[in-house]
Amino acid sequence: MMKTPLPEFKVSVVIVSDYEASSVKSWKVEERMLKAFAAQTFNEPFEVLLVDNEQYQANVPDHLYDIVPNLRIVFSNEIQSARLKDYGVELASGELVAVLEADAPPCQKWLKTLVEILLRLNPDVAVATGRTSYGTENTYKRVLNLLDRSFDDLGKPSTTPHISNNGAVYRRSVLEEFSYPDAATPFLSSRLRNKLIREAGHKFYFHPDAITFHEIGGWGFIVDVRRNMGYSDMNTFAKKIGYSAIPGLMKRRLKKELSYCKRLGEQYLNWWDWPLFAAMVPVIPLLEVSGMLDAIQKKKTITKTAYR
């Protein structure tokens, strides 16, 4: 008996969790993400592929399939989020493929905004990305937005040297040519791949109206993010990996954070947010040292991280 061929779509959406779940998965994060795509203002049919490790295959709630049309939930024996994303791209049919992390649901016009950029702009724009936000409800979130999430934000629609790993829309041909390199952390794997895409002559485009809303935790969350960033910095920016590179990388991080402040501080912060920002800026480079030490010791996995 012949299998019925799957329908083809112009746009595919691939959703993957980049953090290690417990042995029992609640699916609440994925449910929230699917609801965000059910609310998109994009007026063409698109498919959604939710990709995860096969250990969760037996406990998928049936109601997930009722949330958004054209949903496929697929499983792989891969564990790393980078490999799961590549697997999702292999199964996608769209000429444009959105790739998102499950804990960063998009605003209603996210898909429409980024797809229109790729269809309207020069073909050498390979990837369209947007702003990542923790929300703006309190000082903590606003300050962390500026410290953690403003690196790719030029404050206006523009070409950018960066892609947000939390969510972007790619031309399929680019994803097929550039899979994620193997790395101990998705932070480093994403950086390495973005570098390869840029060096091949492709352009990235940023639009601040395309917002994904990333979940945020407490102090442990900050420490984990910065450990992964320190590991990535040592592997990408150090002229020679070693203890002597740590002071230079810390200085580089401090200068970067201050440049984000100069460029976007007035957009991101209220006047009463500045004391917390000033207190956290000098601490951030220190938090990255543990990841730098992991890189110097050539560890294949990051110490005590929730990311996969």
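The model is predicted.

**Helix pairs**

| Helix pair | Angle between axes | Distance between axes |
|---|---|---|
| H4 and H8 | about 135 degrees | 9 Å |
| H7 and H11 | about 45 degrees | 6 Å |
| H4 and H7 | roughly 0 degrees | within 13 Å |

Helix H4 covers residues 139-148, and helix H8 covers residues 246-268. Their axes pack at an angle of about 135 degrees. Angles under 35 degrees count as roughly parallel, those over 145 as roughly antiparallel, and those from 65 to 115 as roughly perpendicular, with the rest oblique. H4 and H8 are therefore oblique to each other. Their crossing is right-handed. On the H4 side, the contact involves Arg 142, Asn 145, Leu 146 and Leu 147. These residues meet Glu 257, Tyr 260, Cys 261, Leu 264, Gly 265 and Tyr 268 of H8. Sorted by class, this contact has six nonpolar, two polar and two charged residues.

The second pair is formed by helix H7, residues 219-237, and helix H11, residues 289-296. With an angle of about 45 degrees, H7 and H11 are therefore oblique to each other. The crossing of H7 and H11 is right-handed. From H7, the residues Arg 227, Gly 230, Tyr 231, Met 234 and Asn 235 take part in the contact. Their partners in H11 are Ser 290, Gly 291, Met 292, Asp 294, Ala 295 and Ile 296. Five residues of this contact are nonpolar, four are polar and two are charged.

H4 contributes Tyr 140, Leu 144, Leu 147 and Asp 148 to the contact, while H7 contributes Trp 219, Ile 222 and Arg 226. By class, the contact of H4 with H7 has five nonpolar residues, no polar residues and two charged residues.

**The largest pocket**

What is the volume of the largest pocket? The value is about 850 Å³. The pocket is lined by 37 residues, of which Phe 151, His 162, Phe 187, Arg 191 and Met 229 are the closest to its centre. The elements that give two or more residues to this lining are H4, H6, H7 and H8. H6 gives the most, with eight residues. By class, the lining of the largest pocket has 13 nonpolar, 10 polar and 14 charged residues.

**The largest cavity**

A search of the whole structure finds one cavity of 30 Å³ or more. About 50 Å³ of space lies in the largest cavity. Its lining consists of Gln 80, Ser 81, Ala 82, Pro 181, Ala 183, Ala 184, Thr 185, Pro 186, Ser 189 and Arg 308. Helix H2 (81-91) and helix H6 (186-199) are the elements that give two or more residues to this lining. Five of the lining residues are nonpolar, four are polar and one is charged. Helix H6 therefore deserves attention in both spaces, a point left for the reader to follow in the structure.

Notes
Residues are numbered from 1 along each chain as its sequence is written. This is a predicted model: local features need pLDDT of at least 70, side-chain atom pairs count only at pLDDT 80 or more; totals for chains, interfaces and linings use all residues. Side-chain values use heavy atoms; hydrogens and water are left out. On a 1 Å grid over the protein atoms alone, a cavity is a set of points where a 1.4 Å probe fits but cannot get out, and a pocket is an open set with protein on both sides within 12 Å along at least five of seven lines; lining residues have an atom within 4 Å of a point. Grid points are joined across faces, edges and corners, and a volume is the space filled by probe spheres set on the points. Helices (H or I, at least four residues) and strands (E, at least two) are DSSP runs, numbered from the N terminus. Ala, Val, Leu, Ile, Met, Phe, Trp, Tyr, Cys and Pro count as nonpolar, Asp, Glu, Lys and Arg as charged, and the others, Gly among them, as polar. Axes are lines fitted to C-alpha atoms, for helices over the stretch in contact, and angles run from 0 to 180 degrees between N-to-C directions. A crossing is left-handed if the near helix is turned anticlockwise from the far one by less than a right angle, and right-handed if clockwise. Contact means heavy atoms within 4.5 Å.
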